[in-house]
Amino acid sequence: MLKIFPVLAFALLVTPCSAQVIDSFTEPVQQSNVAAAESGVIDSIVVTEGQTVRRGDTLAMLDHDALRQSLRIAELRAKSTSEIRSAEATLRIRKTRRDTLEPLLEKGHANPAEVEEAVVEHEIAMSDVEIAREKHAEYRLEVDRIKAQIKARTIASPIDGVVSELHYRLGEYVSTAKPQFATVVQLDQLLVRFYLFEDTVVQLAKDQQVSLVLRVGDRQQQIAGTIRFVSPVTDADSGTARVDVVIDNAPGNYRSGSRCRWIGLPAAKVARR
């Protein structure tokens, strides 16, 4: 009985009756269920499960053949300046005719109606140039609009991390009811969430270093962690508050889901590896 008493004592600390949680598990510091912005058939998948990705990296593409063709047409229109050049050539002709007739009218050698017609034609030609330029600007905007539509059919990672699971296969249909294509987790840091009594929490602050015991395989290891968040609210029923601790995992030595225990000693007392 004396040998099992310490184990029972520890168990009492984490039972629902006490409500304090000092024994928890590591989890990704960030996890994203990456969703498709639109519905459609998976046209290509460019990552595999377990692959490391950076923020903005393409994970997959939905079918967009029709949009590609529309983009080619829009780009041709945007590159062409023939309508503008034609309108500007007409404007030069109309301006030359107006400039020629107006001095003749002053000398009485031109018909006023003919001069008025030349002035109106020149104004119309100026409007045609503006219309041509506006149309060309619309073509450029059309290119941007189609590119945005194609981008909406591109599924990209919102975070740096590892693809932990692909929820669809090539050729499957992604619906708006189930848009999640993949799960990406950030593992260079691990998060551990504890619920501690108020008398402990009031001594803690963000960025403070604390000691934890992490179970790695069949052995336990004492490591340092950094407090990322201390809840300003104490739960009235349990008398506890949430404390989030971040563990540096840049070398990838630790796994998400490992058991981790709160010690709370200063990091200076942590045995270095």
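User: Does Thr183 count as buried or as exposed, and at what relative accessibility?

Analyst: The general idea is a pair of cut-offs: buried means under 20% relative accessible area, exposed means over 50%, and partly exposed lies in between, with a 1.4 Å probe and protein chains only. Thr183 has a relative accessibility of 6%, so the residue counts as buried. Please keep in mind that this is a predicted model, in which local features need pLDDT of at least 70 and side-chain atom pairs count only at pLDDT 80 or more, while totals for chains, interfaces and linings use all residues. Residues are numbered from 1 along each chain as its sequence is written, and side-chain values use heavy atoms, with hydrogens and water left out.

User: Where does Thr183 sit, and with which side chain does the side chain of Thr183 make a polar contact?

Analyst: Helices (H or I, at least four residues) and strands (E, at least two) are DSSP runs, numbered from the N terminus, and on that reading Thr183 belongs to strand 8, residues 180-197. A polar contact is a pair of N or O atoms within 3.5 Å; within protein, one must be able to donate a hydrogen and the other to accept it, and residues adjacent in sequence count only if both atoms are side-chain atoms. Here the partner is the side chain of Asn33, at 3.0 Å from that of Thr183. Contact in the wider sense means heavy atoms within 4.5 Å, and, leaving aside neighbours within four places in sequence, Thr183 has such contacts with residues including Gln31, Ser32, Val162 and His167.

User: Which residues touch the most other members of the largest nonpolar core?

Analyst: A nonpolar core is a set of buried Ala, Val, Leu, Ile, Met, Phe, Trp, Tyr and Cys residues joined through side-chain atoms within 4.5 Å. The largest one has 19 residues, and those touching the most other members are Phe194, Leu196, Leu212, Val243, Val245, Ile247 and Trp262. At least two residues of this core come from each of strand 8, strand 9 (209-216), strand 10 (219-230), strand 11 (240-248) and strand 12 (259-266). Another core, of 17 residues, lies apart from it and has Val53, Ile155, Ile159 and Ala182 among its members.

User: In what order do the four strands of the open sheet lie, and which of them stand at the edges?

Analyst: Two strands pair if DSSP finds at least two bridges between them. In this sheet the order is 5-4-2-7, with antiparallel pairing. Strand 5 (154-156) and strand 7 (173-174) are the edge strands, each with a single partner strand, so one side of each has no neighbour in the sheet. Strand 4 (residues 58-62) is joined to strand 5 over three bridges, and Met61 is opposite Thr154 there. Three bridges also link strand 2 to strand 4, with Ile45 and Ala60 as bridge partners, whereas strand 2 (residues 40-45) meets strand 7 over two bridges, Gly40 being partnered by Val174.

User: How far apart are Val246 and Arg193 in sequence and in space?

Analyst: They are 53 residues apart in sequence and 8.9 Å apart in space, C-alpha to C-alpha. Val246 lies in strand 11 and is buried, at a relative accessible area of 9%. For the chain as a whole, among contacts between residues at least 6 apart in sequence, 73% join residues at least 24 apart.
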